Amino acid sequence: MDLPRATRVASLLVTLILGGQPLRGGPQQQAAQPEGQVLHVLINKSVVINTQAPITRILTSNPTAIETVATSPTQVVVSGKAPGTSSLIIWDTPDHSQILDVVVEPDTTALRAAIERSYPGQQISVDTDGSRLILSGIASSQKVIDEIVKLASLYSPQVVNSLSVTQVVEHDRQIMLEVRFAEVDRAKLQQAGINIISTGITNTIGSISTQQFGPPTFGSTTGSTGGARNGLTTASFQLSDILNIFLFRPDINLAVTIKDLEQKALLEILAEPNLMALNGQKASFLAGGEFPFPVVQGGANVGAVTIQFRPFGIQLDFQGNINLDNVIRLHVAPQVSTLDFANSVSISGFVVPALSTRRAETEIELKDGQSFGIAGLLDHRAQAQLNRIPGIADIPILGKLFTSKSVNRSNTELIVIVTPHIVDPVKEVPGVPQVPKYPMPFLESQPFDKAVPGNQNVGSSPQPK
């Protein structure tokens, strides 16, 4: 019989010399060993078995593991199909046979070559036990062990990990991030307006106002033909805000309130957080607080209000990775947020402020000690409100008295400077920490304290007589 071309014949050639002469029955059958010889076959490989006596019959106990093909009366080819074991019985006569224990194992040649190429210098050995791969030896780190086990799982689903790490423990380096937040907030408010009030001039009661800055409210009226002063009718007005200039002429019953204010405000926020994290790990920083935020529930608890807390302030999230060339790959997300009550909303009686937020998120590569800045986070706002009396406000020069305005300008700028450093606090020898400086010096010893027991200037205490 011809062996099919799909069958690959390995270089291993097993020659079984069953005695010096052809096998015969009788006493030789009784002298056969109870256990057969062990034959190892790799998966998808073949082994040729030669005998001196012609083969009459062949039997395999596990056809799923091996496949046998007789190529000649004295030659049998055994091919491995799947991991496992099988008994192979060969008869040369009806009353005489030979037993072989065939073990089919995975081919570890490719796995050994892959480990030597990817991890040179590692003392790793690969053995097989049936369908199982046994990894033993010493690796340089736990990371190398995990990668080798993952690689071996591609060749067999059953991997026995007997690898160990060398006694020298290597600590991963860390990344320390120096961050400087600088925020400048400038605000300017300008207000101008006039309210004219007549309490009885020329027997006329009234007021002229744009209703923008504390308009006067009419109170009561008193007057008579002769009892009142100069025979005029007078009235009283209530002012909720006399603004910053108030003029009143009692002889003519005329009052004027003038609003002319200019307000400037400057706010500076500076934070310098330092964060340290392991290589590849995340770290976060928050300098601010959390405010309660009501949330209306739905479903079975529809209408119920629960409280959640939202963070605000100066926040920083980053994650760094150290490359082999000591270049730091950095993912940074700084954020600055403040509570904005001007745009607040009311929910079920709760006043919920809005958040004025400025954030940036980027991913860059830097060397140790290099810095980069995030600038241009500008916020320019201008809000103007103009009130005027139609018609009379169009009169040149005089019309300015019947016009009021309020202009609010704000200018905010945020700058973020980030500097990463590669540190190894485990290996570095720590320095002696400096004694903190006190904001105020301690009081010096006064002259009357020199006699206090325990002072170095006090001599030995007198002995009793």
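Student: What percentage of the 465 residues in the protein is buried? Please then look closely at the salt bridges.

Tutor: The model is a predicted one, and in it buried residues make up 29% of the 465 residues. The protein holds three helices and 25 strands. Its accessible surface comes to about 29800 Å², and carbon and sulfur atoms account for 54% of that area. Among contacts with a separation of 6 or more, 63% are between residues 24 or more positions apart.

Let us now turn to the salt bridges. In general, side chains of opposite charge can pair when their charged atoms come close. The count for this protein is two. In one of them, the side chain of E363 meets that of R329, with a distance of 3.1 Å from N to O. This pair links distant parts of the chain, since E363 belongs to strand β23 (residues 362-367) and R329 to strand β21, 34 residues apart. A salt bridge is also formed by E365 and R329, whose closest N and O atoms are 2.8 Å apart. Here E365 lies in strand β23 and R329 in strand β21, so the pair ties together parts that are 36 residues apart in sequence. Through their shared partners, the salt bridges join R329, E363 and E365 into one network.

How accessible are these residues? E363 is partly exposed because its relative accessibility is 45%, and E365 falls in the class of partly exposed residues with 44%.

N326 lies in the loop between β20 and β21 (327-347). Its phi is near 65°, a positive value in a residue other than glycine. As a general rule, most residues other than glycine have a negative phi. N326 is partly exposed, at 36% relative accessible area.

The patch covers about 440 Å² of surface and is made by V296, V305, I307, F309 and F350. I307 has its place in strand β20, and with 44% relative accessibility this residue is partly exposed.

Four strands form an open sheet of mixed pairing, in the order β2-β8-β7-β4. β2 (37-42) and β4 (57-60) stand at the edges with a single partner strand each, so one side of each has no neighbour in the sheet. On average, neighbouring strands of this sheet are turned by 25° against each other, direction ignored. Strands of a sheet pair through backbone hydrogen bonds, either parallel or antiparallel. β2 and strand β8 (residues 96-105) pair in the parallel sense over six bridges, and L42 has E105 in β8 as its bridge partner. In the loop between β2 and β3 (46-50) is N44, which has a positive phi of about 65° although it is not a glycine. N44 is partly exposed, with a relative accessible area of 48%.

Notes:
Residues numbered from 1 in each chain as written. Predicted model: local features only at pLDDT ≥ 70, side-chain atom pairs only at ≥ 80, totals over all residues. Heavy atoms only, no water. Patch = residues over 30% accessible without salt bridge, like charges linked within 9 Å, V, L, I, M, F, W, Y side chains within 5 Å. Areas by Shrake-Rupley, 256 points an atom, 1.4 Å probe, with all protein chains shown as cover. Salt bridge = Lys/Arg side-chain N within 4 Å of Asp/Glu carboxyl O. Helix = DSSP H or I, 4+ residues; strand = E, 2+ residues; numbered from the N terminus. Buried < 20%, exposed > 50% of the residue type's maximum accessible area, 1.4 Å probe, protein only. Pairing = 2+ DSSP bridges. Axes fitted to C-alpha atoms, helices over the stretch in contact; angles between N-to-C directions. Contact = heavy atoms within 4.5 Å.
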